[in-house]
Amino acid sequence: MSSERVLVVGAGPVGLTLACELARRGTPFRLIDRAPAPTDQSRAIVVHARSLEMLDTMGAVDAVIAAAARMDRIFAHAGGDELARIELGDVDSPYPFTASLAQTETERVLRERLTALGGAVERPVELTGLDQDESGVSARLGDGDERYGWVVGCDGARSGVRAALDTKLEGSFKGERFLLADVEADYTQDRSGLHIYFDPAGPFMLFPMPGSRIRIIAQLDENALTDAEPVVDDVQAMADARGEGIRVSGAHWIAVFEVHHGQVEAYRHGRVFLAGDAAHIHSPAGGQGMNTGMQDAFNLAWKLDLAARGRATEALLDSYDAERHPVAARVIKGSTALTRAGTVRNPVAQELRNHAAGLVSHIGPIHRRAAAETEETGIAYPDSPIVANAGRRTPRGAPGAGDHAPSVLGLHERLRGTSHVALALGGPAAAAAANELAAAFPGLVEPLALDEPAVAERYGVEGQDALFVIRPDGYVAFRSAPADVEAARACLERVLTPA
């Protein structure tokens, strides 16, 4: 078998995202899953703005939005009062909202997209072990041993790939217990948003889903629901105790699980990588687990494609860990803080929490930051070893190296390709620099020259000839104003090898 192939282990949302991106690039791969059929459990249900942008690039966003309910705001409640309201409509994204749909639907859309791209999931095939050397990985599979260039473990919290690497999640493993319930229900609250109730017994969250379906997430104390599987009456009792105006009529899925907070020390182990729950696990508070995993895959796919073509340096492959490990660490910290805020027992601490929540609605910068954190539009890689700024200092609010490239005048529609883009803003000198850079990396960099004042203003380079290099995942690899083609070439030479 070809040593250029990528073995993707696990066909949940993370593995499917990686497979779709490899297929879109024509990278040889095999996608396997040990389960005989896709899950029928709804599990993760929210897709945030940054992930919707990713799905746009993949060609799957319309199908996801069509299958979803839309959440435009977040409400925080305590003691019958509305403490805060966070509006998501102003986040810096073409998709300033959260899409809410069952994980089964997200996986269906991704499988259909994979099929359209010529790929497929092979089931049931289990990885039982692996050995690697400098030239590839020998994978022991249920249907026979095979040789691959790279292996990616997208196989969840009980990852067989992680076990084969003899590495483990490090963190806190005496976790909180949560009730998760997807139910049919009537309720009186505004259906345009997520509702979070701070209750002395633990946080209670209500997410709208398509139709009359809702998702309820509630933290449980140590003794709750220990003797039997939860049923609709248990969900109703929880809704009566902590929510308001909710009438449950039937259930699609109810489960109790214990949350742990953990992360592997490294996402790259030679030619083997970990992504999603195989690399990090945390509380469902904030709904960022699946999104973080899918974005792991999106970050890694273009790097593996270049590696399979013999055009990636080791620095490029190392950057996957350097960029994504801190993101999950921040998600773990944030979800843990949100959970703790919802469970404080001291009345004085509760008053302070409620007061702090109220500030979110009334102080603009705090409000905008909370919305960006929720929708993940603040994710950036300014400390990545493979990005660089040159020339004048980046103005406040404008994108610099490591930031996501803002979409202005539909710019995101022109950045859906699979190559780096040398974006020239300004006049002929910038356009010439973009063309020169593209000529230095044929087939890997495409030039795009724009003389649009609105774009230049948003990018902080009004009246200047500027050069940006936008990576295939939509992040800025390089920024210079004035345009500095030699500095841009040096930046790319760190990650791209000559043909």
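Rings of Phe, Tyr and Trp (its six-membered ring) pair if their centres lie within 6.5 Å; planes under 30 degrees apart count as stacked, over 60 as edge-to-face and the rest as tilted. By this rule there are seven aromatic pairs.

Select Tyr95 and Phe97. Their ring centres are 6.4 Å apart and the planes stand at 80°, so this pair is edge-to-face. Tyr95 is buried at 12% relative accessible area, and Phe97 is buried at 6% (buried is under 20%, exposed over 50%, partly exposed in between, with a 1.4 Å probe and protein chains only).

The model is predicted: local features need pLDDT of at least 70, side-chain atom pairs count only at pLDDT 80 or more, and totals for chains, interfaces and linings use all residues. Residues are numbered from 1 along each chain as its sequence is written, and side-chain values use heavy atoms, leaving out hydrogens and water.

Next, select Phe178 and Phe257. With centres 6.4 Å apart and planes at 25°, the pair is stacked. Phe178 sits in strand β14 (residues 177–187) and Phe257 in strand β18 (residues 246–258), so the pair ties together parts 79 residues apart in sequence; strands are DSSP runs of E, at least two residues, numbered from the N terminus. Phe178 is buried at 0%, while Phe257 is partly exposed at 31%.

Then pick Tyr267, Phe273 and Tyr320, which ring pairs link into a cluster.

Finally, show the open sheet β13-β19-β22, whose three strands pair antiparallel (pairing requires at least two DSSP bridges between two strands). Its edge strands are β13 (169–172) and β22 (280–281), each pairing on one side only. Strand β19 (residues 261–264) pairs with β22 over two bridges; Gly262 has Ile281 of β22 as its bridge partner.

Methods: Helices (H or I, at least four residues) and strands (E, at least two) are DSSP runs, numbered from the N terminus.
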